[in-house]
Amino acid sequence: VQDIIPQPLLDQYLSMTDPARAQTVDTEIAKHCAYSLPGVALTLGRQNWHCLKDTYETLASDVQWKVRRTLAFSIHELAVILGDQLTAADLVPIFNGFLKDLDEVRIGVLKHLYDFLKLLHADKRREYLYQLQEFVVTDNSRNWRFRYELAEQLILILELYNPNDVYDYLRHIALTLCSDKVSEVRWISFKLVVAILQKFYANSANALGLNFINELVVRFRHCSKWVGRQAFAFICQVGMFSLCFYVHIKC
């Protein structure tokens, strides 16, 4: 029971998400409902989330990927509305499902990955370190914008993890993206590498920074292919300050 929205109006909205109705009345109706759901949730407030929970789960499992995609693009906004406890209980399972969905749905999660992860508790957030690697693999290898978006998000996500986690998990993704076949992906990945070095520098993790630079030298500076040596030159160009700092420490 709620007294924010006239109950007949809310009942009408909830009834429009019925899959049977979508098949007989309007195939796009579920997508429109999914688009409007964060606004309805904001109006009702988190204390009335129980009125929408079942409807949200129904839409999140809709057979039309466009419906799930719409929810994936707005799940971070809904998390802000609901708060950390309801997000952990009701949104995280759906978020995990979106991570394994089609690329058309996963991109919605990926574009706002930082916005969602920062709302989680540190222990829950750390669980996703193991899954970030999965974003490198896409249904269509020519979908380079997916990998570009991943690199952009990782630059933001660095602040959410400690230097050891960055070195153990995110470093491998960065090195993989630096060798991507598409130059646009490589270029944003060079910025990611520099951001990682700056992360180590800001947290006085000099040993990790030196190990990472040594790995860059072996992997790119001494690469037998010119594109690898060019990558090292670009990394030096982007991150001159960080590289100079670690060279000074090493000397």
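H9 passes H10 in a left-handed crossing; that is, the near helix is turned anticlockwise from the far one by less than a right angle. The model is predicted: local features need pLDDT of at least 70, side-chain atom pairs count only at pLDDT 80 or more, and totals for chains, interfaces and linings use all residues. Residues are numbered from 1 along each chain as its sequence is written, and side-chain values use heavy atoms, without hydrogens or water.

H9 covers residues 144-157 and H10 residues 163-178. Their axes lie 11 Å apart, at an angle of about 140 degrees. Axes are lines fitted to C-alpha atoms over the stretch in contact, and angles run from 0 to 180 degrees between N-to-C directions. That makes H9 oblique to H10. Oblique is what remains once angles under 35 degrees (roughly parallel), over 145 (roughly antiparallel) and 65 to 115 (roughly perpendicular) are set aside.

Which residues of H9 and H10 meet? Arg-147, Leu-150, Ala-151 and Leu-154 in H9 meet Leu-170, Ile-173 and Leu-177 in H10. Contact means heavy atoms within 4.5 Å. The residues of this contact divide into 6 nonpolar, no polar and 1 charged. Here Ala, Val, Leu, Ile, Met, Phe, Trp, Tyr, Cys and Pro count as nonpolar, Asp, Glu, Lys and Arg as charged, and the others, Gly among them, as polar.

Now the whole protein. The secondary structure comes to 14 helices and 0 strands. Both are DSSP runs, numbered from the N terminus: helices are H or I with at least four residues, strands E with at least two. The C-alpha trace spans about 75 × 35 × 25 Å along its principal axes.
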